[in-house]
Amino acid sequence: RHIRVVYNATTESSVIIKPVLGIDLAVNNNRSQDNVASLGKGVKVEIFWKNNNPVKVTDAVIEVKLKGGVLDKYSLYASGGGFYRSIDNTIAWDKTGSRELASIDPGAQGIVSFSFSPVALGIDAARLVKNPQIIFEVRAHARRISETSDIEDITTFATRSVKFETDLRMFARALYFTGPFHNTGPIPPQADRETAYTISLSARNSSNNVSNALAKTTLPIYMKWLGKVYPDGEGITYNENSREVTWNIGRISSGVTRDASFQVSLLPSISQINSAPFLTGDISLSGTDDFTKTEVSDKKAALTTYISSDPQFSPNDANVVN
């Protein structure tokens, strides 16, 4: 054992003091520092204010400056008497529009809010905006009378951001007359005779890089996997037990479209005469948005022998005949 002597020691304490005029923000009911919004949905921002001072404060002003090139200025709406100054993208609330800000008693609190939508960010947008986000810089200013009866200016700051998810879409077509494979068999399909079809898939991405992208579908019991994939190396596999077709796409950069096709055959039964049988099940696409760190996905309905995407298709080519 060793005996040691402590010659000197000090202890320091820290006191966390609430700001005199406290403010907090919620983006779509979420008070996190960073927030994520889905495309096609508006964004609502609430600003909660409270007087943490033992005396009243007066002439409060709350200002929010919005930064980011994806704000649709024409969609912005400020509640509670807020005024949107479009020249510098700032919203302001003061006692002229919100009378409760003129004089705030100790412990009093309230809410102001605004809402907006981003500019078009989908795959059909006129321009590509990579990693779109908007940052809110909030400044709350008020006055109070000090212990020496002097008027003091008090200011509180807060920031939040909202990131927008990428638009990841799946497009699917069934083809016979066109595509990378030579399809054979009767058109319209005939009971008890085999007809080959091409299933063509496209994964389109808009603003943010996507990783671990995966597309899946299943083949009905009467469908046959022919083992042909185009282009080579696109990672399309078939599981005979589950009848599941999987396209392991991997990474899809922003603004990029990935395409792949595979060939299947239909052997219809007489029970399917006068109907357009399903060639696949529903087709799903999922992946991770690298910017927002969220999962994005899309789904398309099952494909049938009504192959209207094929330019040479006629409606009479769809239903099974005897």
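The lining of the largest pocket divides into six nonpolar, six polar and two charged residues. Here Ala, Val, Leu, Ile, Met, Phe, Trp, Tyr, Cys and Pro count as nonpolar, Asp, Glu, Lys and Arg as charged, and the others, Gly among them, as polar. The model is predicted: local features need pLDDT of at least 70 and side-chain atom pairs count only at pLDDT 80 or more, while totals for chains, interfaces and linings use all residues. Residues are numbered from 1 along each chain as its sequence is written, and side-chain values use heavy atoms, with hydrogens and water left out.

**Pocket and cavity**

- A volume is the space filled by probe spheres set on the points, and grid points are joined across faces, edges and corners.
- Of the 14 residues lining this pocket, Ile 123, Leu 128, Asn 205, Ser 206 and Gly 255 lie nearest its centre; a lining residue has an atom within 4 Å of a point.
- One cavity of 30 Å³ or more is present, a cavity being a set of points where a 1.4 Å probe fits but cannot get out.
- About 30 Å³ of space lies in the largest cavity, whose lining includes Leu 201, Lys 216, Trp 247, Phe 262 and Ile 283.
- Strand 14 (210-218) and strand 17 (244-252) are the elements that give two or more residues to the lining of the largest cavity.
- The lining of the largest cavity comprises six nonpolar residues, two polar and one charged.

**Strand pairing**

- Strands are DSSP runs (E, at least two residues), numbered from the N terminus, and two strands pair if DSSP finds at least two bridges between them.
- Strand 4 (residues 57-67) runs antiparallel to strand 8 (residues 103-104), with two bridges joining them.
- Strand 4 is also joined to strand 10 (residues 133-145) by nine bridges, again antiparallel.
- Thr 58 has Ser 103 as its bridge partner in strand 8 and Arg 143 as its bridge partner in strand 10.
- Four bridges pair strand 4 with strand 7 (residues 90-93) in the antiparallel sense, and Ile 62 stands opposite Trp 93 in strand 7.
- An open sheet is formed by four strands in the order 1-3-9-5, with antiparallel pairing.
- Strand 1 and strand 5 (77-78) each have a single partner strand, so one side of each is left without a neighbour in the sheet.
- Strand 5 and strand 9 pair over two bridges in the antiparallel sense; Phe 114 in strand 9 is the bridge partner of Ala 78.

**Nonpolar cores**

- A nonpolar core is a set of buried Ala, Val, Leu, Ile, Met, Phe, Trp, Tyr and Cys residues joined through side-chain atoms within 4.5 Å.
- The largest nonpolar core has 38 residues, and Trp 93, Phe 114, Phe 116 and Phe 136 have the most contacts inside it.
- Among the elements that give two or more residues to this core are strand 1 (21-27), strand 3 (43-51), strand 9 (109-116) and strand 11 (151-164).
- A second, separate core of 32 residues includes Leu 168, Ala 172, Leu 219 and Ala 318.

**A buried loop residue**

- Gln 272 is placed in the loop between strand 18 (257-266) and strand 19 (283-289).
- Gln 272 counts as buried because its relative accessibility is 12%, buried meaning under 20% relative accessible area (1.4 Å probe, protein chains only).
- Not counting residues up to four places away in sequence, Gln 272 touches Tyr 222, Leu 267, Pro 277 and Val 320, a contact meaning heavy atoms within 4.5 Å.

Conventions. On a 1 Å grid over the protein atoms alone, a cavity is a set of points where a 1.4 Å probe fits but cannot get out, and a pocket is an open set with protein on both sides within 12 Å along at least five of seven lines; lining residues have an atom within 4 Å of a point. Buried means under 20% relative accessible area, exposed over 50%, partly exposed in between (1.4 Å probe, protein chains only).
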